[in-house]
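Student: Could we go through this structure together? I would like to begin with a single residue and then widen the view.

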Amino acid sequence: MLIFEHSAKGRQTKIQSVTGNKNPTDIPAELLREDAPGLPEVSEMQAVRHYTSLSQKNFSIDTHFYPLGSCTMKHNPRVCNSLAMLPGFLSRHPLAPEQNSQGFMACMYELQEMLCDVTGMAGFSLTPMAGAQGEFAGVAMIRAYHDANGDTQRREILIPDAAHGTNPATATMCGFTVKEIPTLNNGDVDISALKAAVGPQTAGLMLTNPSTLGVFERKIEEIAQLVHDAGGLLYYDGANLNAILGKIRPGDMGFDVIHSNLHKTFSTPHGGGGPGSGAIGVAERLKAFMPLPVVEKEGDKYRWLTEKDYPQTIGRMSAFMGNAGVLLRAYIYMRLLGAEGMRRVGEFATLNANYMMAQLKARGFEAAIPDRYASHEFIITLKTQAKELNVSAMDFAKRLLDKGYHAPTTYFPLLVPECLLIEPTESEAKNMLDGFVEALVEIQQEAETDADMLHNAPYTMPVNRLDEVRAARQLDLAWSADVNEQ
């Protein structure tokens, strides 16, 4: 039900009504509207109940297990949010003078330093406001580096076929052409294909390690050597950083630039379109091109580095310095965990994934790469169920909602047929993992006896199965009184 359907003419909340002066502002009378805005006329209690009811219909990490592969939907400690909202932070204006922002800037400087330590990078810029924007900054720096060296023939970016979809999009936006590198059945990049692809046209290679197939790229040092020997650079997609946190660093693998999704790995609720942070780290050779501003410490004072300090910068990715709240939560989270705590994140995330994969394999499900250990996520393929039982990965996903679990990522990566990409994270207890396994086993049994039950799922949600193609292409969220009265 829409809140407009609760509306009744003349209903209002007296305590929120303007009394006395009808124009309590300095807005000139000729600029004031003559008609009331088309807002619902409801009481405060009706508004509270309506939006609370809507929130209770949502699946979220606060209410359900949310094993969304390659997105790290994990618990975000409330203390991080509480401390990020301290008055000194919350009331600080982004244009406040440096001398009035020393506490905030100290936090940002230490966050830069901690991210450098965790990733093995020489410098970090916190300004990108999303993972995709961090990607854009990273590839833009690769281009700026080659252009500064007069190496303008390097206009090709190599990307594995298992990569996130934003990778080729980012490379194209930065003016590069994309060459796809195949992945072997064991999950590793095809080295022979990479050798054939690199050359004087190669600007760089984009990949994430562990990959979206849920396995660690075992020949990463050889890959780095091949790309560097050809004159290219390596870009690390940080979406899967949670898997290796505190265990191994992208810089030590040979990567030259990395974006880190602070809203996935470091304690900001992820999903719904934001807010986010795609903080970008660079090797020494790329520091001169970092997006600004960056915080520098001089003695016991902090200052913003600007274009005067970095004349070769690629520019500014956002107003001021990115999403301050996200950055503060990340800083607090890292300080709370410490080095040992961050190692445990990677260890438990990987342990949970391998435990769940082993349990599902023991119950008859097929792992996409059965002979490899998982990283923080793994893939099961339902291609046999699709062929023999006429049920799809989407059918399983929709039925999981009725069992009280959000579905994993479906149909990604695209090279695995009927796949579920499952990431339990380090936040979940064993009984929750066991419950999810049992739910999949129950759905398998239902598929064997009554496939239509899966085809028509879900049954317990506010709406049943939608026509997803129509919903995407003909989405209509507008409401008007004229339409409603027809």
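Student: Is Tyr145 buried or exposed?

Tutor: In this predicted model, Tyr145 is buried, with a relative accessible area of 17%. Buried means under 20% relative accessible area, exposed over 50%, and partly exposed in between (1.4 Å probe, protein chains only).

Student: How are residues numbered, and what limits apply to the values?

Tutor: Residues are numbered from 1 along each chain as its sequence is written, and side-chain values use heavy atoms, with hydrogens and water left out. Because the model is predicted, local features need pLDDT of at least 70 and side-chain atom pairs count only at pLDDT 80 or more, while totals for chains, interfaces and linings use all residues.

Student: How many aromatic pairs are there?

Tutor: The count comes to eight aromatic pairs. Rings of Phe, Tyr and Trp (its six-membered ring) pair if their centres lie within 6.5 Å; planes under 30 degrees apart count as stacked, over 60 as edge-to-face and the rest as tilted. Tyr145 and Phe289 form one that is edge-to-face, at 6.4 Å centre to centre and with 85° between the planes.

Student: Where do Tyr145 and Phe289 sit in the chain?

Tutor: Tyr145 lies in helix α5 (residues 131-148) and Phe289 in the loop between β7 (278-282) and β8 (294-298), so the pair links distant parts of the chain, 144 residues apart. Helices (H or I, at least four residues) and strands (E, at least two) are DSSP runs, numbered from the N terminus. Phe289 is buried, with a relative accessible area of 6%.

Student: What about Tyr236 and Phe255?

Tutor: Tyr236 and Phe255 form an edge-to-face aromatic pair, 4.9 Å centre to centre with 85° between the planes. Tyr236 belongs to strand β5 (residues 233-237), and Phe255 to the loop between α9 (250-253) and β6 (257-261), 19 residues apart. Tyr236 counts as buried at 0% relative accessibility, and Phe255 is buried at 3%.

Student: Which residues form an aromatic cluster?

Tutor: Phe65, Tyr405 and Phe436 form one aromatic cluster.

Student: Changing topic, what is the secondary structure of the protein?

Tutor: The protein has 17 helices and 13 strands. Its radius of gyration is 25 Å, close to the 23 Å that the globule rule gives for 486 residues, so the protein is as compact as a globular protein of that length. The radius is taken over C-alpha atoms, and the rule is 2.2 Å times the number of residues to the power 0.38.

Student: How much of it is buried?

Tutor: Buried residues make up 48% of the 486 residues.
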